[in-house]
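Me: Please take a close look at the side-chain packing here, aromatic rings included. One connected answer will do.

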Amino acid sequence: MTNNHNFSSNRSNSIQSVATPGISVIIPMYNAQPYIEDALKSIQEQTFNEYEIIVIDDGSTDKSAKIVKSFPRVNYHYQKNQGEAAARNQGMELARGKIITFLDADDWYEPTKLEEQWRYLQENPTIDVVYCDYIVKDQTKEETTIIQSEYFDPNRKNLLATVLFRQTIHTGSMMFRRRCFEAGCRYNPQLRYAPDYDFCLQLLTNHLFGYLHKPLYGYRRHQGNMTNAHQRQKSTEAAIVRALGISKIRKIIDESSFDKSQKNLLLARIFLKTSKYRECLQQLEQHVRVQDIPLAYFYRGNCHYMLGVFSLSQQTYQKAIELSPAFPEAMNNLGCALSAQNRDIEARQAFTSALKLRPGYMDATKNLAKGQSNHLTLFELRGVLTHYY
């Protein structure tokens, strides 16, 4: 493939068909009538011209198909409802480009998304996958947040080990070479939740990643988003990691270039993520020097809480706060531990303090509003808070 592709700011709807596309843009779609027009327009407005659009209609019953068929340069394919993963796999089977990317039917691309990621892959031939930051807006497009990747490491093994603990890659923004698909990377059609996370782990197992620190992908948050089933998403991610088995998890961590203390803490985090609370406690107590690590006390408190030892969880949260007073997650969880001991006034004080430390903190807000006092925060908060319905 040569680099003499045409980049054009011509955003007319009458762009000519591309015989051999540089990029295949795959849109899995199910009843996307309110949003699909915006998604398709955002592709037509790209500064990169040599693309094909493949829409896989996964059994829509609304007017989505009629809207799609009104656009030029769209390869429309209908299938009986089989789920998001099957639709994505079908799109990759049909793709003709040597570069593949996805666009969810309710999202959009910023105008230079294809061009900038294409250039990155052309200039970095050893990189197989590139992802970017993304923009989050609500249904009215009035609320805007830019979500940046909180961790990137060009060392594939380090990145893989880290993603086992926490997903730091926005998979919707990924662009990857067709050879990843040809090497066997597929979406798991058995997964209703977190199929992107599973696919990302497959890619990380054998392929190098790059990161463009630019918000080029647009994510629209609304009540129909599957990712809004946040707890099911997280529990499925944990199940995917758990299914790897402890031997493989240890091997992935051991092959990273992290130092011994970082590896030990990372394993404890993965134990916590996969609900192995006793193993997490043992790992922290035997292999992590907790004396000066607030996070280690925080994790220990979470294990004690999940095991129902509320007085001990209270003590460890208090130790974490003593070491790090501006620790809203520990403050919120202290409130949960106090509430579990029927110390409701003190619990509300803790929740209020957590919210003052971190405005918009959802778990603390829910604990105060609903009076349930059981919204525990399992891991440290991200740099930018996101919201789920």
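Reply: A charge sits over a ring if NZ of Lys or CZ of Arg is within 6 Å of the ring centre and within 35 degrees of the ring normal. In this predicted model, R186 lies over the face of F181, 3.7 Å from the ring centre. R88 is placed over the face of F102, at 4.8 Å from the ring centre.

Now the ring-to-ring pairs. The structure holds 17 of them. In one, Y134 and Y219 have ring centres 6.4 Å apart and planes at 90°, so the pair is edge-to-face. Y134 belongs to strand β6 (residues 129-137) and Y219 to strand β9 (residues 209-220), so this pair links parts of the chain 85 residues apart. Y134 is buried, with a relative accessible area of 15%. Y219 is buried too, at 14%. F298 and F327 make a tilted pair, 5.2 Å centre to centre with 40° between the planes. F298 sits in helix α12 (residues 294-306), F327 in the loop between α13 (310-323) and α14 (328-340). Both F298 and F327 are buried.

Next, the nonpolar cores. The largest has 78 residues; M92, I169 and F209 touch the most other members. Helix α10 (residues 260-273) gives the most to this core, with 7 residues. A second, separate core of 36 residues includes I43, V55, L103 and C132. Leaving aside neighbours within four places in sequence, F209 contacts residues including I127, F152, M174 and C200. C200 is buried, at 0% relative accessible area.

Last, the cysteines. There are 0 disulfides. The sulfur of C303 has its closest cysteine sulfur in C280, 3.4 Å away, too far for a bond. C303 is buried, at 0% relative accessibility.

How values were computed: Residues numbered from 1 in each chain as written. Predicted model: local features only at pLDDT ≥ 70, side-chain atom pairs only at ≥ 80, totals over all residues. Heavy atoms only, no water. Disulfide = S-S within 2.5 Å. Buried < 20%, exposed > 50% of the residue type's maximum accessible area, 1.4 Å probe, protein only. Core = buried A, V, L, I, M, F, W, Y, C linked by side-chain atoms within 4.5 Å. Helix = DSSP H or I, 4+ residues; strand = E, 2+ residues; numbered from the N terminus. Contact = heavy atoms within 4.5 Å. Phe/Tyr/Trp six-rings, centres within 6.5 Å; stacked < 30°, edge-to-face > 60°.
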